[in-house]
Amino acid sequence: MTCIFCTASKHAIIENERFYAIFDKFPVTPGHLLLIPKEHRRDYFALTQEELQDLQALLQEGKAYLLETYRPDGFNIGFNCGEAAGQTVFHCRLYNLWD
């Protein structure tokens, strides 16, 4: 079975060397972004130090994009790591939502 996030980078809103961001297909809020590693990683704890640096950089770029586009009052960011934590697709992704 093919991982849906291993093939979704062609829909990237923004990206860098190791991560890309797409809009969630089932958004909780307008502008609900997912930041996803280009290499298959099961969850946050499987990311390399280089990936963590690129994730932080893309998170800041995503924040700037959402501020310019949607003018949110605040943000929620987070990971679900493991089935018990609500992870349903086992490819790491950061949720970037605004309130």
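1. Two residues are said to be in contact when heavy atoms of theirs lie within 4.5 Å. Leaving aside neighbours within four places in sequence, Gln87 is in contact with Arg42, Asp43, Asn80, Cys81, Gly82 and Arg93. The model is a predicted one, in which local features need pLDDT of at least 70 and side-chain atom pairs count only at pLDDT 80 or more, whereas totals for chains, interfaces and linings use all residues. Residues are numbered from 1 along each chain as its sequence is written, and side-chain values use heavy atoms, with hydrogens and water left out.

2. Gln87 sits in the loop between strand E4 (75–78) and strand E5 (94–98); helices (H or I, at least four residues) and strands (E, at least two) are DSSP runs, numbered from the N terminus. With a relative accessible area of 3%, Gln87 is buried (buried means under 20%, exposed over 50% and partly exposed in between, with a 1.4 Å probe and protein chains only). Its side chain reaches the backbone oxygen of Arg42 at 2.8 Å and the backbone nitrogen of Gly82 at 2.7 Å.

3. Gly74 is placed in the loop between helix H1 (49–70) and E4, and counts as buried at 18% relative accessibility. Gly74 and Lys63 are 11 residues apart in sequence, and their C-alpha atoms are 9.9 Å apart in space.

4. Three aromatic pairs are counted, where rings of Phe, Tyr and Trp (its six-membered ring) pair if their centres lie within 6.5 Å, and planes under 30 degrees apart count as stacked, over 60 as edge-to-face and the rest as tilted. One of them joins Phe23 and Tyr65, whose ring centres are 6.3 Å apart with planes at 50°, so the pair is tilted. Because Phe23 lies in strand E2 (residues 19–23) and Tyr65 in helix H1, this pair ties together parts that are 42 residues apart in sequence. Phe23 is partly exposed at 30% relative accessibility, and Tyr65 is partly exposed at 26%.

5. Tyr44 and Phe79 form a tilted aromatic pair, at 4.7 Å centre to centre and with 50° between the planes. This pair links distant parts of the chain, with Tyr44 in the loop between strand E3 (33–37) and H1 and Phe79 in the loop between E4 and E5, 35 residues apart. Tyr44 has a relative accessible area of 30% and is partly exposed, as is Phe79 with 27%. Together with Phe45, Tyr44 and Phe79 form one aromatic cluster.

Key: A polar contact is a pair of N or O atoms within 3.5 Å; within protein, one must be able to donate a hydrogen and the other to accept it, and residues adjacent in sequence count only if both atoms are side-chain atoms.
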